[in-house]
Amino acid sequence: MSPMILLQLHPEFLKPWQYLGNCVKESGLAFEKAHGCDSIWDLALANPQVNKLFNDGIIRSLVDVGGGTGAMIAEIVEANPHIQGINFDLPHVLATAPEHPGVTHVTGDMFLDIPEADAVILKAISKTKNGKVNIVDCVLQPDGNDLFDKTGLAFDLLMMVDTGGKERTEAEWKILLNSTGFTRYNIIQISTFPSIIEAFPE
């Protein structure tokens with residue numbers, strides 16, 4: 001948590017907030033107006049201090065569930081050496097998988113347990129076990145009044161200023177899920193900022 005707070009309090013990340021009013025009046029991205037570049041990643045490339053804070057505050061470990069021979073996670077780790085890669089698959093699959101620098105092969109069954117990591121890749125496995133997908137992310141409650149509802153609105157502003165993106169309301173999540181074939185969903189509120197979204201295919 002501390003690297004993220006330090007990053008947001010860094011002068012380079014406070015600067016785009018000064019352009020928020022301009023974006024409302026003229027449109028455009030606050031980050032681009034402040035720095036003359038398109039994204040956080042462009043700034044991190046040009047500023048080693050920002051790059052370190054950014055890398056410390058984001059993904060440090062990544063598990064590819066059903067990763068096969070590990071080719072994809074290996075490419076990700078090669079491009080992002082600060083990430084510890086975990087290639088997770090059944091024992092007979094990994095028996096012939098080659099070694100990759102920065103990647104650890106771990107055997108197991110994804111329906112029983114998944115190795116702990118900052119983030120998980122799920123690809124080409126949505127048709128197994130009824131195809132349910134669990135998403136842990138923000139679900140905005142614009143009319144809510146508790147602490148986490150207000151935190152969600154703060155993150156919505158943060159996304160807009162830093163990336164030009166946004167957080168989603170339940171209605172917006174429904175549109176996204178329906179467009180990808182997940183016509184049923186269930187939102188589970190938990191005692192923290194994000195919610196758990198259980199999405200089910202047609």
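1. Ground rules first. Two strands pair if DSSP finds at least two bridges between them. Helices (H or I, at least four residues) and strands (E, at least two) are DSSP runs, numbered from the N terminus. On that basis, strand E5 (residues 133-137) and strand E9 (residues 195-200) pair in the antiparallel sense, over five bridges. Asn 134 has Glu 198 in E9 as its bridge partner.

2. Provenance. This is a predicted model, in which local features need pLDDT of at least 70 and side-chain atom pairs count only at pLDDT 80 or more, while totals for chains, interfaces and linings use all residues. Residues are numbered from 1 along each chain as its sequence is written, and side-chain values use heavy atoms, with hydrogens and water left out.

3. Confidence. pLDDT is the predictor's confidence in each residue, from 0 to 100. The chain has a mean pLDDT of 86. Of its residues, 95% reach 70 or more. Confidence is lowest in helix H1 (residues 2-8), with a mean of 76. It is highest in strand E3 (residues 103-107), at 97.

4. Domains. The bounds come from an automatic or database domain assignment. Domain 1 covers 1-58, domain 2 covers 60-123 and domain 3 covers 124-201. Between domain 1 and domain 2, the C-alpha centres are 31 Å apart.

5. The parallel sheet. Four strands make an open sheet in the order E3-E2-E1-E4, and the pairing is parallel. E3 and strand E4 (119-122) are the edge strands, each pairing on one side only. Neighbouring strands are turned by 25° against each other on average, direction ignored. For such angles, axes are lines fitted to C-alpha atoms, for helices over the stretch in contact, and angles run from 0 to 180 degrees between N-to-C directions.

6. Strand E2 (residues 84-89) runs parallel to E3, joined by five bridges. Here Ile 86 stands opposite Thr 104 in E3. E1 and E2 also pair in the parallel sense, over five bridges. Ser 61 faces Gln 84 in E2.

7. How covered is strand E1 (residues 61-65)? Five of its five residues are buried. Buried means under 20% relative accessible area, exposed over 50% and partly exposed in between (1.4 Å probe, protein chains only). In a regular strand the side chains alternate between the two faces of the sheet. In E1 both faces are covered. Ser 61, Val 63 and Val 65 are buried on one side, Leu 62 and Asp 64 on the other.

8. Ala 119 is found in strand E4. With a relative accessibility of 18%, Ala 119 counts as buried.

9. The antiparallel sheet. E5, E9 and E8 form an open sheet of three strands in the order E5-E9-E8, with antiparallel pairing. E5 and E8 stand at the edges with a single partner strand each, so one side of each is left without a neighbour in the sheet. From one strand to the next, the twist averages 20°.

10. The E8-E9 hairpin. Strand E8 (residues 184-188) runs antiparallel to E9, and five bridges join them. The two form a hairpin with six residues between them. Which residues of E9 stand opposite Ile 187 and Ile 188? Ile 187 is opposite Ile 197, and Ile 188 is opposite Ile 196.

11. Aromatic pairs. Rings of Phe, Tyr and Trp (its six-membered ring) pair if their centres lie within 6.5 Å; planes under 30 degrees apart count as stacked, over 60 as edge-to-face and the rest as tilted. The count by this rule is two aromatic pairs. One of them joins Phe 13 and Phe 31: the ring centres are 5.9 Å apart and the planes stand at 65°, so the pair is edge-to-face. Phe 13 lies in helix H2 (residues 11-14) and Phe 31 in helix H4 (residues 30-35), so the pair ties together parts that are 18 residues apart in sequence. Phe 13 is buried at 0% relative accessibility. Phe 31 is buried too, at 2% relative accessible area.

12. A charge over a ring. The criterion is NZ of Lys or CZ of Arg within 6 Å of the ring centre and within 35 degrees of the ring normal. The charged end of Arg 168 sits over the ring of Trp 173, 5.0 Å from its centre.
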